[in-house]
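Some notes on one helix follow, for checking against the coordinates.

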Amino acid sequence: LKAGLWEPAAMLLRDMDERQVPKDTSTYNLCISLFGRTRDVGSALAVVDDMRARAVPPDVVTYNSAISACERVGRWEDAAALLGRMPGDAVRPNTVTLNSAMSACSRGSRWAA
């Protein structure tokens, strides 16, 4: 994914808000994934927060994408926090979730290799 390709996704989110088009879990997941792939973890996490504020239910893909974004840049604290939020959202982690969280801890030097 080339740098800058996340910008259309961010513009789409804003445009959807301006036109009062409801966003669903899949729309949010796509944006979280795009931000994560470009290492813009702050924006990825902001999208997760926006989802929650609008009562759009996250799913395992939401968390996998967000935790993977954290893993890419070694933000193990955020990855662990996301993992801890999953039960409150009635989302069960899967193998991808746990592997990404462990990798984030490893990259952040918080996991013994």
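Which residues of α4 are buried?

1. The buried residues of α4 are T62, Y63, N64, S65, A66, I67, S68, A69, C70 and E71, where buried means under 20% relative accessible area with a 1.4 Å probe, protein chains only. That is 10 of the 14 residues, so α4 is largely enclosed by the rest of the structure.

2. On sources: this is a predicted model, in which local features need pLDDT of at least 70, side-chain atom pairs count only at pLDDT 80 or more, and totals for chains, interfaces and linings use all residues. Residues are numbered from 1 along each chain as its sequence is written, and side-chain values use heavy atoms, with hydrogens and water left out.

3. Helix α4 covers residues 60–73 and spans 20 Å from first C-alpha to last, close to the 20 Å expected at 1.5 Å a residue; the expected span is 1.5 Å times one less than the number of residues. Helices are DSSP runs (H or I, at least four residues), numbered from the N terminus.

4. After α4 comes G74, with a positive phi near 75 degrees.

5. The buried residues of α4 pack against α2 (25–37), α3 (41–53), α5 (76–85) and α6 (95–107); contact means heavy atoms within 4.5 Å. Towards α5, residues Y63, A66, I67 and C70 of α4 meet D78, A79, L82, L83 and R85.

Key:
Helices (H or I, at least four residues) and strands (E, at least two) are DSSP runs, numbered from the N terminus. Buried means under 20% relative accessible area, exposed over 50%, partly exposed in between (1.4 Å probe, protein chains only).
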